[in-house]
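Please look through the sequence and the structure below.

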Amino acid sequence: MRKIIFTVLLTLVFYFPFINSQTIWLDKLDLSSMSSGWNTPQADKSIAGNPLTIAGQKFDRGVGTHSISTFLLNLNGKGKRFTAEVGLDDEATSQGSVEFYIIGDKKILWKSGVMRKNDSAKKVDIDISKIKKLGLLVTDAGDGLDYDHADWCNAKLEMTGNVNSTSLVASIKHKPYILTPNPSDKPRINSAKVFGVRPGHPFLYTIAATGKRPMTFDAEYLPVGLLLNKKTGIITGMINKEGNYEVKLIAKNSLGKAESKFKISVGNTICLTPPMGWNSWNCWAEAVDADKVKAAADAMVKTGLINHGWTYINIDDCWAIKPDSHVAMPKDSLTSGDQRDKDGMINANKKFPDMPALTKYVHDKGLKIGIYSSPGPLTCAGYTACYQHEQQDAERFAEWGFDYLKYDWCSYGNIAKDKTLETYQEPYKVMRSALDKVDRDIVYSLCQYGMGEVWKWGDSVGGNLWRTTGDINDSWSNMSGIGFNQAGHEKYSGPGHWNDPDMLVVGLVGWGPSLHPTRLTPDEQYTHISLWCLLDAPLLIGCDLSRIDKFTLSLLSNDEVLAVDQDPLGKQASRIFNESGKQIWSKDMFDGSKAVGLFYTGVDNKAKDPADYFNWNKIPTKEKITLTASELGITGKFKVRDLWRQRDLGTFKDKYTAEVPYHGVILIKVTPKNK
Ligand code: GAL
């Protein structure tokens with residue numbers, strides 16, 4: 001008997017740690033709080049979406065990220081071992097170099113040393129018992145974060161007892177709070193103050209104005225060829241003569257009258273302020289159809305967003321015909337079948353039965369409409385695209401009545417012979433010259449994710465805007481990674497040619513058909529909108545407008561905030577301060593003031609000690625940020641106005657300090673006293 005008891009006890013002692021332990025894979029955790037210097041960390045994929053590969057070795061599991069990347073896990077002393085194989089992903093070019101750190105309660109437990117391309121994966125196997133917080137860090141190894149695609153392969157935590165994996169990841173829930181005051185009942189004109197059009201091309205501009213209805217509109221000194229509908233404020237027509245025309249716009253209602261100067265520039269430059277509108281991709285993706293596009297246009301009017309200057313209703317991918325995937329695509333003969341008609345003109349699919357009727361529907365509301373395609377044979381989602389039909393497609397888009405073309409890169413990668421700048425530029429030049437031959441102004445948006453530093457040449461190939469990044473999604477790491485990495489691009493942006501850090505991820509998003517509320521906290525959403533406005537970014541709402549909630553509407557209808565984006569000077573903000581998880585961005589405005597964003601990002605991207613990349617204690621809710629006059633290049637006294645709250649904060653001398661919420665922003669307008 002004693003022997004049996006002894007054997008049972010021995011077995012228990014031997015097996016207990018195994019019974020009472022749990023394996024948690026890193027790729028199964030909610031990665032939304034893993035920060036990444038570029039793009040979004042993904043489970044079982046590299047940061048660019050490829051299979052995880054280090055020095056030729058493929059891994060089925062793990063997490064691909066990009067320096068600088070942090071991920072803080074609450075182990076609460078329940079950890080046992082952490083194992084992984086780490087290295088630079090093969091998709092990075094030879095310039096990439098990273099250093100992995102595993103930090104337990106502020107102490108470095110393991111570090112990889114500098115790792116470069118073709119270094120075999122390094123094995124990590126460390127004791128994490130008694131550790132309360134475990135930080136996984138990838139630094140840029142001190143040489144800037146370019147091409148630092150870093151992989152945590154086969155990464156897993158051995159834990160004691162039953163651990164709820166959601167409790168491992170720090171997440172904070174916040175209630176939405178509205179800052180935007182309700183617009184006054186008195187008229188206020190909010191539409192862009194400058195507008196470019198080519199001579200002899202159709203003109204469409206809607207005077208966007210808030211205030212009580214009914215409202216009537218007027219315009220003084222309107223150039224010959226234009227007609228204003230006084231009830232709707234929609235101006236249409238055509239101007240034949242080049243030149244600058246100074247117009248006075250007027251909006252009147254029972255409570256008063258608003259006037260606004262408006263400059264029409266007739267020449268070869270269009271898109272003088274960043275486009276503002278809606279795009280189908282971030283909500284509907286492949287589930288888009290004509291009814292959803294119409295619903296977006298209806299909602300733009302019904303919600304009143306049109307009165308704040310929102311203009312475009314853009315169809316993204318998935319409107320053309322998708323060739324059967326089992327049919328091999330002959331490279332040079334895409335003219336057969338119903339993807340194109342017998343003359344090679346592109347057709348829309350069944351979900352878009354009447355494109356001209358759809359564009360008319362949108363135009364009749366005073367809005368504009370956009371379309372999408374790619375220079376390759378297929379779009380990114382596999383639909384027929386423009387390759388070798390560029391001129392016909394430009395003509396088709398014009399004939400259908402489109403005002404905007406987003407032109408992607410997908411599948412052109414198979415056509416491109418190399419990775420030279422010339423090859424990157426070629427397809428965009430081809431479409432530019434095709435668009436130049438149609439008698440319609442079509443805003444030209446390049447979407448090739450920043451390859452070949454497109455910001456340096458997007459203007460020279462005739463782009464009105466160009467994507468500077470990969471795709472955005474609704475996580476803090478992705479949105480803030482994209483937004484705060486725009487520093488330095490400002491010198492390439494200006495009226496008619498804008499940097500595009502991708503579309504907005506507020507409201508109900510989801511890449512269709514099912515949608516979810518954005519995963520960004522309210523403060524992160526304030527950061528998103530404020531930063532995009534400071535960056536003079538095209539503002540394309542990516543949510544289902546027909547189900548927009550009050551909070552999202554408030555984010556998108558603050559006229560003083562939107563005026564930062566639409567400022568006629570068109571000077572993108574520069575980052576003027578970046579330390580200890582605090583950043584200040586400043587943008588020169590037309591009236592001599594400066595729009596300034598004070599951001600508390602929470603993570604120090606230039607930390608000296610690896611442990612300083614993390615917030616080890618309870619995440620602070622607010623932090624003081626001080627802006628000095630000298631940082632802004634001004635002297636003496638200055639006035640400060642809070643733009644979200646639309647409230648004057650007073651006059652300050654030398655410096656101004658604000659309390660900024662974690663991951664949030666205080667957006668102000670600073671006006672030197674002598675202005
Ligand atoms: C991606 C692009 C997205 C969306 C998508 C459509 O390349 O970045 O914004 O347009 O293609 O397939």
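**Loops, ligand and helix pairs**

D105 sits in the loop between strands β8 (97-104) and β9 (107-116). Helices (H or I, at least four residues) and strands (E, at least two) are DSSP runs, numbered from the N terminus. Although D105 is not a glycine, its phi is positive, about 45°. The model is a predicted one, in which local features need pLDDT of at least 70 and side-chain atom pairs count only at pLDDT 80 or more, while totals for chains, interfaces and linings use all residues. Residues are numbered from 1 along each chain as its sequence is written, and side-chain values use heavy atoms, with hydrogens and water left out.

Next comes the ligand. Around it are 13 residues, of which D316, D317, K406, D408 and D471 come nearest; a residue counts as near if one of its heavy atoms lies within 4 Å of the molecule. An N or O atom in the side chain of D471 is 2.5 Å from an oxygen atom of the ligand. For D408, the distance from a side-chain N or O atom to a ligand oxygen is 2.9 Å, and for Y449 it is 2.9 Å.

Two packed helices are described by the angle between their axes and the distance between the axes. Axes are lines fitted to C-alpha atoms, for helices over the stretch in contact, and angles run from 0 to 180 degrees between N-to-C directions.

Helix α6 (residues 390-400) and helix α7 (residues 421-436) have axes that come within 8 Å and cross at roughly 45°. That makes α6 oblique to α7, since angles under 35 degrees count as roughly parallel, over 145 as roughly antiparallel, 65 to 115 as roughly perpendicular and the rest as oblique. E390, Q391 and A394 of α6 meet V430, M431, S433, A434 and L435 of α7, where contact means heavy atoms within 4.5 Å.

For helix α8 (residues 476-484) and helix α9 (residues 522-534), the axes come within 10 Å and cross at roughly 25°. α8 and α9 are therefore roughly parallel to each other. On α8 the contact involves W476, M479, I482, G483 and F484, and on α9 E524, T527, H528, L531 and W532.

Notes. A polar contact is a pair of N or O atoms within 3.5 Å; within protein, one must be able to donate a hydrogen and the other to accept it, and residues adjacent in sequence count only if both atoms are side-chain atoms.
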